[in-house]
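These are my notebook entries on a structure I looked up. I set down the strands, the nonpolar packing and the backbone in turn.

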Amino acid sequence: MDANKNDVLVIGGGTAACVAADAVLNAGKSVAMVFPNGGSSEISAGTLDIMGVVPGEHPVICDDYREGVEKLLEKYPGHTYSKCKGELETGVEALLSLAEAGEYILKGFDGKNVWVPNMLGTFSVNAYVPSTMYEGAVVPGEKERVLVVGVKGNVAFNAQAAAMSYQQYQKKLGGKADYFSTEIQIKGWGDRRKISDGELADYLDTKEGKKELVSLIQTFCMNNRYSFDKILFPPVLGYLTYNELLAELKEACGCKVAEVAALGNSVAGYRFTRAVYRGLEKKGAKLLRGVSAKKLEAAENGVKVECVIGLTDQYHPGKRETFEVPAVVLATGGFVGGGIKARHTDVWIELLEQHLGKVTTDQLDRDAVHPAGQDFMRMGVQVKADMSVEDKKYNGRVFACGDVLAGHNSASERSGAGIAAASAYLAGKNAAAKI
Ligand SMILES: Cc1cc2nc3c(=O)[nH]c(=O)nc-3n(C[C@H](O)[C@H](O)[C@H](O)COP(=O)(O)OP(=O)(O)OC[C@H]3O[C@@H](n4cnc5c(N)ncnc54)[C@H](O)[C@@H]3O)c2cc1C
C-alpha cells in the first residue's frame, strides 16, 4: 500500500469522499481514499438531492434548490450549508463530471426541483436524476398515458398498486396523467417464484435478458389497442448496461421510457458510486478498497492514520498498516455510513474519540417521519469555517465533510448529495492547501 506517498488521505468511499478527492486532484495534489464499502451513497436512489424541503411543523417544499438553501438558512442559521454553500455549484459540478466520466449521466432541470415517480407509488423531489429516470419526471398539466410495468416475482415493486397511487397522488403536484399497469413474466431465470432487484439487474445485463424484456414489451404494446406516451419500469435495468437497454426499450416502445426512482435499492446506488469511482480513477486518484481507518493521531506536520486492510472477523483481525500524510479528510458518513456510532442512548465518533452526547427524549419524535425531522439526526462533528475539525490536537490538518458533520438532516431536507458535494469540495480544497 503506498497511501503514504499521497498528499491527502480521504477516509471514506461515499459521495463526500469522492468529491473531496476530486477537489484535491483539481488543486494539483495527489490523493488516496480508504474505505470498506460505499456507505449510504451505495444504497441511495442514485439521484442528487440538493435542497428539497425546509423541515418544520409546516414544511416548505422548494421549487428552486438555490432559493431553498436561502430559505433554510433563514430558519436554521447554524445549518451546515452556512459554512459550505459557497462551494455548492463547484461541488455539484465536480460530482456530475465524475459520474459522467464513469458513464452515469445525471440531468438537472435548470435549478428547479422536479417530482419523479418512485417505487413506493409516491413521488420524490430531486434536483438531478440519472438519464434512466429523466423522462419519468411529472410534467404538471400534461395529459399523458403512462404504463407502469412490473415484473412477476420481483416483489419490491408492485406496478398495479404504484399506478393507482400515482393516479391519486399526482393531483397534489398538478399532474394530469392516466396511469395503467401490467405485470410481465420473464422466464429466463427459470421457474423461481421470487427474484430480487439485484438478480433481475444481473439478468438484464445479459444479452438474453435484454432481448426477452424488449420483446415482451414490444408484444404488449403491439397487442394493446392503446398507445402510451410514457412507460415506467422498476429501477433494475442492469448494473452495467442500463444505458444500452434503455435505448433499446425506447426504440421498441416508440415513446418516453424511464425507470421509477428507487428509495434505496442497491442497483441505482451501485451504478452511481461505481461510475464516480471510475471517474476518479481516470483522474489519478488511488482507491484503496477494503481498508478501514481505526485510529487518527496528530504527527509532526501531518496526521497518522492506522488502518486495517481486508475483511475481518473474530478469527481474522486483518493486517494493520499506518499511513502518515500531511492532511486527512474525514468523510465517513453518519449513522448509516458508519462515521457516527450509537449504542443505547450514547452517540460518538470513534475515529475522533469524540462523545457527542446522549439522545434524549426531547430529540425524538414519536412520529418517525415527522415533517420537522428527528433532532438527533443533526448530531455530528463540529468544524470551523474551513471545515477542519474543531479539536485542537489535530493542528487543523483533519477536515470533515458529508453526513458525519453536525447541523443538518439530509433525510428530512432532501439535501444529501448537495451537502456532501459542497462540504467535501471545501474540505478537499483546504486539505490540499496544507501541502
Ligand atoms: C437509503 C438511502 C437513500 C438515499 N438516497 C439519496 C438520494 O437518492 N439522493 C441523495 O442526494 N441523497 C440520498 N440519501 C442521502 C445520501 O446518501 C447521503 O446524505 C450521502 O450519501 C452522504 O454521503 P457521505 O459520503 O457523507 O456518507 P456515506 O455515503 O455514508 O459514505 C461513508 C463512507 O465512509 C466509509 N467509512 C465509514 N467508516 C470508515 C472507517 N472507519 N474507515 C474508512 N472508511 C469508513 C464508508 O464505508 C463509506 O464509504 C440517501 C440515504 C439513504 C440512507
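This is a predicted model: local features need pLDDT of at least 70, side-chain atom pairs count only at pLDDT 80 or more; totals for chains, interfaces and linings use all residues.

I count two strands as paired if DSSP finds at least two bridges between them. Helices (H or I, at least four residues) and strands (E, at least two) are DSSP runs, numbered from the N terminus. Residues are numbered from 1 along each chain as its sequence is written, and side-chain values use heavy atoms, with hydrogens and water left out.

**Entry 1: strand S15**

Strand S14 (residues 291–299) runs antiparallel to S15 and is joined to it by eight bridges. Gly302 in S15 is the bridge partner of Ala299. The two strands form a hairpin with two residues between them, and Asn301 in that turn has a positive phi of about 55°. S15 also pairs with strand S16 (residues 319–325), again antiparallel, over seven bridges; there Ile309 has Lys319 in S16 as its bridge partner.

**Entry 2: nonpolar cores**

I take a nonpolar core as a set of buried Ala, Val, Leu, Ile, Met, Phe, Trp, Tyr and Cys residues joined through side-chain atoms within 4.5 Å. Which members of the largest core touch the most others? They are Val10, Tyr81 and Leu213, out of 122 residues. Helix H13 (residues 416–432) gives the most to this core, with eleven residues. The core lies between domain 1 (3–101 + 270–432) and domain 2 (137–259), because both give residues to it; the domain bounds come from an automatic or database assignment.

For Leu213 I listed contacts (heavy atoms within 4.5 Å), leaving out residues up to four places away in sequence. Among them are Ile184, Phe233 and Leu249. Another core, of 26 residues, lies apart from the largest one and includes Val114 and Ala268.

**Entry 3: positive phi**

Most residues other than glycine have a negative phi. His344 is in the loop between strand S18 (341–343) and strand S19 (346–349), and counts as exposed because its relative accessibility is 74%. Glu353 likewise has a positive phi near 50°. Glu353 is in the loop between S19 and strand S20 (354–358) and is exposed, at 58% relative accessible area.

How values were computed: Buried means under 20% relative accessible area, exposed over 50%, partly exposed in between (1.4 Å probe, protein chains only).
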